[in-house]
Amino acid sequence: MLVSAGIHYPRATPEMWPDLIAKSKEGGADVIQTYVFWSGHEPVKGQYNFEGRYDLVKFVKIVGSSGLYLHLRIGPYVCAEWNFGGFPLWLRDVPGVEFRTENEPFKKEMQTFVTKIVDLMREAKLFCWQGGPIIMLQIENEYGDVEKSYGQKGKDYVKWAASMALGLGAGVPWVMCKQTDAPENIIDACNGYYCDGFKPNSKTKPVLWTENWDGWYTRWGGSLPHRPAEDLAFAVARFYQRGGSFQNYYMYFGGTNFGRTSGGPFYITSYDYDAPLDEYGLKSEPKWGHLKDLHAAIKLCEPALIAADAPQYRKLGSNQEAHIYHGDGEAGGKVCAAFLANIDEHKFASVKFNGQSYTLPPWSVSILPDCRHVAFNSAKVGAQTSVKTVESARSPLGSMSILQNP
């Protein structure tokens with residue numbers, strides 16, 4: 001059972017990377033996920049940049065030395081509220097180019113860049129089979145949202161992109177998110193606020209949630225988006241309750257759109273995203289702490305989750321249900337874990353489970369790592385909420401402190 005933290009290396013400084021990764025691990029993450037930003041790495045055709053905030057090898061090595069895995073989403077189209085979706089501006093001037101379709105000029109440039117990144121990771125021995133942290137890659141990004149507009153050329157492009165990626169011999173699985181027609185050897189994955197009902201297009205594929213939107217981006221003049229910690233924890237608990245195996249927070253740390261990297265209509269430079277780690281890398285409570293408690297409870301359930309081929313389903317009420325995982329543990333003996341969900345948005349519910357009574361708050365999941373005792377309930381926040389005090393550097397006007405709402 002893998003918990004992933006989304007961190008985009010160019011949206012922070014290299015000096016911040018170790019602390020961000022350490023706080024992600026402390027919060028219960030097993031994996032760091034990042035896009036690869038073509039426009040930053042090849043600002044001029046044929047001239048590559050892998051320095052400073054774009055030192056991808058350094059970032060991946062820090063992840064590995066921290067004992068975490070990495071999901072590298074190469075794309076190379078990444079969207080990400082990034083200028084031009086991550087494409088370098090020179091790409092539009094390639095003669096005859098048409099983006100993201102069965103177009104030879106585009107495919108040539110795309111293959112060149114994706115090959116460059118895979119070769120760079122292999123040369124630095126960063127794939128898991130080499131002892132590195134990279135366990136998964138991604139080709140394209142949410143292409144299923146626009147595929148129909150390209151007709152048959154869109155379908156052909158998906159098949160080509162998959163074949164091209166697999167042909168690079170990276171030795172780890174490739175993912176296509178929001179791609180229901182992903183070919184057999186590519187894992188299709190879910191993006192959204194709730195993915196507990198998602199099923200991949202083949203029973204041989206694991207259930208992956210590549211983007212769990214724990215907030216949203218901000219436009220000039222707009223309100224600051226906020227997703228409550230309770231709702232986020234409910235969505236994650238439901239995902240693992242119903243058979244999920246990998247979930248990534250988009251974002252765990254959002255950071256900053258430096259320079260002119262911010263894309264879209266009037267997106268601000270802050271990419272805070274209401275994430276568990278705020279724009280400055282500080283823990284945003286109670287979200288960070290509540291999710292840490294959730295991850296700890298899921299890990300307690302892991303022996304049972306991996307022992308069972310599928311959960312046993314039990315109806316507990318009109319809007320209440322249980323999923324029970326049990327089997328033989330790896331260390332011997334029987335293991336059992338249960339998730340009790342109340343999907344009623346307004347009413348508490350009292351339920352009977354295995355001869356015991358449980359009170360379930362509205363819109364909540366209770367996690368029972370031993371099928372008896374509640375280790376965590378998504379609606380009950382135990383993490384401390386406090387006001388952050390940030391002391392600024394001394395200026396000609398003297399020192400000052402800034403108070404931020406939690």
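Me: Into which domains is the chain divided, and how many Å separate their centres?
Reply: In this predicted model, the chain is divided into domain 1, covering residues 2–284, and domain 2, covering residues 309–377. When the centres of these two domains are taken over C-alpha atoms, the separation between them is 33 Å.

Me: How many residues of domain 1 are in contact with domain 2, and what area is buried between the two domains?
Reply: On the side of domain 1, ten residues are in contact with 14 residues of domain 2. Carbon and sulfur atoms give 64% of the area buried between domain 1 and domain 2, and that area is about 860 Å².

Me: Which three residues supply more than any other three of the area that domain 1 buries against domain 2?
Reply: The area in question belongs to the boundary between domain 1 and domain 2, where about 860 Å² is buried. Of the part that domain 1 buries against domain 2, 64% is supplied by three residues, namely Phe234, Arg238 and Gln241.

Me: Which residues form a salt bridge between arginine and glutamate, and how far apart are the closest N and O atoms?
Reply: The count between domain 1 and domain 2 is one salt bridge. Arginine 238 forms a salt bridge with glutamate 321, and Arg238 is also one of the three residues that supply 64% of the area that domain 1 buries against domain 2. The closest N and O atoms of arginine 238 and glutamate 321 are 2.7 Å apart.

Me: How many residue pairs are in polar contact between domain 1 and domain 2, and how do the residues on the touching side of domain 1 divide?
Reply: Counting pairs in which both residues are at pLDDT 80 or more, seven residue pairs are in polar contact between domain 1 and domain 2. The residues of the side of domain 1 that touches domain 2 divide into five nonpolar, two polar and three charged.

Me: Why are lysine 23 and aspartate 19 separated by about one helical turn?
Reply: A search of the whole structure finds 19 salt bridges, and lysine 23 forms a salt bridge with aspartate 19, with the closest N and O atoms 3.0 Å apart. The separation is about one helical turn because lysine 23 and aspartate 19 are four residues apart in helix α1, residues 17–26.

Me: What helix and strand content does the span 322–381 have?
Reply: For this span, an unreviewed UniProt entry lists "domain: Beta-galactosidase beta-sandwich". The end C-alpha atoms of residues 322–381 lie 21 Å apart, and the content of the span is 0% helix and 55% strand.

Me: Where is methionine 251 placed, and where is proline 286 placed?
Reply: A cis peptide bond, with omega about 5°, joins tyrosine 250 and methionine 251, while the peptide bond from glutamate 285 to proline 286 is also cis, with omega near 10°. Methionine 251 is placed in strand β8, residues 246–253, whereas proline 286 is placed in the loop between β8 and α7 (287–307).

Terms used
Residues numbered from 1 in each chain as written. Predicted model: local features only at pLDDT ≥ 70, side-chain atom pairs only at ≥ 80, totals over all residues. Heavy atoms only, no water. Domains from an automatic or database assignment. Contact = heavy atoms within 4.5 Å. Buried area = accessible area lost by both parts, 1.4 Å probe. Salt bridge = Lys/Arg side-chain N within 4 Å of Asp/Glu carboxyl O. Polar contact = N/O pair within 3.5 Å; in protein donor to acceptor, adjacent residues only side chain to side chain. Nonpolar A, V, L, I, M, F, W, Y, C, P; charged D, E, K, R; others polar. Helix = DSSP H or I, 4+ residues; strand = E, 2+ residues; numbered from the N terminus. UniProt positions renumbered as here; feature names shortened; annotations may be inferred.
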